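Try each task first, then compare your steps with the solution.

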Amino acid sequence: MAALIGIDFSLDGKQCGHLAIPHSTNVSAYGKIIVPVVYIRNGEGPRALLSAGVHGDEFEGQIALRKLCLDLARDDISGSLLILPMVNAPAVISSSRVSPIDQLNLNRVFPGDPLGSPTVAIASAIENQLLEHCSFAYDIHSGGSSLLYETVALTTSTGSEPDDKKRLDLLHALGLEAGMLLPAESNMGLESSLDGAMLRKNVIGVSAEFGGGGALLSETILQACELSIRRFLAHVGLTPESQLPPADRRCHIYDVDEPDAFVFSTCTGLFKADVAVGAMIGPGDLIGHIFDFYDLTAPPKPVINKLPGKVLALRTRPCIEVGDCLAQVGKLCGAHEEVAHAS
Ligand SMILES: [Zn+2]
C-alpha cells in the first residue's frame with residue numbers, strides 16, 4: 001500500500017512530499033516508486049488537486065505544473081491545493097504512455113488496488129488517499145506519442161443536478177475554445193479513468209488535452225495550458241479572479257460518444273493526414289490516405305469521415321497497424337452550445 005510521506009493535510013504552508021509505493025525487485029529488495037506531491041495550504045477554503053503525467057509521454061501539463069510548484073506560495077491561495085506533475089512516475093521517467101514496469105495504462109485501472117502492481121497501486125492512492133481530501137480536480141493530458149490534440153477540455157455528465165452544472169461551469173471556466181461532454185454511461189472507459197474516480201469521490205472535476213506528438217511542440221499550447229490552470233484556480237475560489245484576463249466563454253461542446261467519433265485503420269501501411277487538427281469537416285470528407293507497405297502499384301486507400309464536426313485529434317505516427325486510431329471527430333452538440341454561449 002502507498003504511504004503519503006512528508007505531507008500533513010492539517011498544516012498551513014507549502015510542503016513537498018511524495019507517495020511511496022513498495023516495489024521490490026532483484027536489484028532493490030525494499031525499493032519504492034516515488035510520486036512527488038506538493039501541498040499548499042492557507043487556512044480553510046476550497047480543496048483542489050492538479051495532476052499531469054498520468055501518461056508519461058504527455059509533457060505540457062507536466063511542465064506547467066512543475067512551474068506552478070515553483071511559483072505558487074501559501075499566501076497566493078485561500079484553501080488547499082495538491083499538485084502532482086508526474087502521477088505515473090515510472091511512465092514519465094521513460095516518456096511512455098504505459099508503465100514500463102507492468103505495461104498498464106494508469107487511466108484504465110481506476111479505482112485501482114492498494115495491493116496491486118505499481119500502476120494499480122498508484123490509482124488506488126490517488127483515488128482513496130488524495131481525492132478523498134478534495135472538492136475539485138483538474139487532470140491535464142495531451143495526445144502523447146501517437147496523437148496530436150486540439151486544445152480541448154473534457155468533463156462528464158451524470159444526468160443529476162446540481163453537480164452536472166458545476167462540472168459544465170468548470171469546463172467553460174477554463175476558457176478553452178472546445179469542450180467534450182462525456183455521459184457517465186459511456187463505454188469509453190470512464191469508470192476506470194481518473195475522471196471516473198472524481199465522480200466516485202464527488203469531486204467536481206475536469207480534464208483537458210493540450211497538443212501532443214510525444215514532444216513539447218508549441219509555446220502557445222503550453223501558455224494555453226498554464227492559463228487554463230490559473231482559470232481553474234480562480235474559478236474554484238483558490239485565487240482571486242481579478243488577476244486574470246477576461247475569459248472568452250464561447251466554449252463549443254462536442255459529442256465524442258458517437259460510434260464514428262473515433263476513426264480506426266482497417267489495414268496496415270503509412271497514414272498521411274489530409275486535414276489539420278481543429279478543422280471542421282463533414283460526412284464524406286477525406287481525413288487522409290493509407291499507402292500499402294508492399295504494393296507500390298496500389299493507389300493509397302482513402303480514409304473517409306462520417307460525422308459533421310471538428311477534427312479534435314489526429315495520429316502523428318504514420319506507420320499504422322489494423323485498429324490504430326487515426327482521428328477523433330467531435331460532433332457539435334447544439335443544446336450544449338447554447339449553454340456554452342449563455343454562461
Ligand atoms: Zn493522456
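The exercises below go from domains to helices, then to a sheet and to local backbone features.

Two notes before you start. This is a predicted model, where local features need pLDDT of at least 70, side-chain atom pairs count only at pLDDT 80 or more, and totals for chains, interfaces and linings use all residues. Residues are numbered from 1 along each chain as its sequence is written.

**Exercise 1.** Find how the chain is divided into domains, and describe the side of domain 1 that touches domain 2.

Solution. Step one: take the bounds, which come from an automatic or database domain assignment. They give domain 1 as 46-249 and domain 2 as 262-337. Step two: with centres taken over C-alpha atoms, the two domains are 27 Å apart. Step three: list the contact, where two residues count if their C-beta atoms, placed from the backbone, lie within 7 Å. Domain 1 gives 12 residues and domain 2 gives 12 residues. Strands β7 (147-157) and β8 (178-183) each supply at least two residues, and β7 has the largest share with 5 residues. Step five: sort by class, with Ala, Val, Leu, Ile, Met, Phe, Trp, Tyr, Cys and Pro as nonpolar, Asp, Glu, Lys and Arg as charged, and the others, Gly among them, as polar. The domain 1 side then has 7 nonpolar, 4 polar and 1 charged residues.

**Exercise 2.** Work out how helices α1 and α6 pack.

Solution. Helix α1 (residues 60-71) and helix α6 (residues 219-235) make an angle of about 55°, and their axes are 9 Å apart. Step two: classify the angle. Under 35 degrees is roughly parallel, over 145 roughly antiparallel, 65 to 115 roughly perpendicular, and the rest oblique. The pair α1 and α6 is therefore oblique. Step three: name the residues. From α1 come Glu60, Gly61, Ile63, Ala64 and Leu68, which meet Ile221, Leu222, Cys225, Glu226 and Ile229 of α6. By class, this contact holds 7 nonpolar, 1 polar and 2 charged residues.

**Exercise 3.** Give the strand order of the open sheet with 4 strands, and name its edges.

Solution. The order is β15-β14-β12-β17, with antiparallel pairing. Step two: look for strands that pair on one side only, which are β15 (301-304) and β17 (319-320). Step three: inspect β12 (residues 269-273), joined to β17 by 2 bridges. Here Leu270 stands opposite Cys319 of β17.

**Exercise 4.** Locate two cis peptide bonds.

Solution. Step one: the bond from Phe110 to Pro111 is cis, with omega near 10°, and Pro111 sits in the loop between α2 (89-93) and α3 (118-130). Step two: the bond from Glu161 to Pro162 is cis, with omega near 5°, and Pro162 sits in the loop between β7 and α4 (163-173).

Terms used. Pairing = 2+ DSSP bridges. Axes fitted to C-alpha atoms, helices over the stretch in contact; angles between N-to-C directions.
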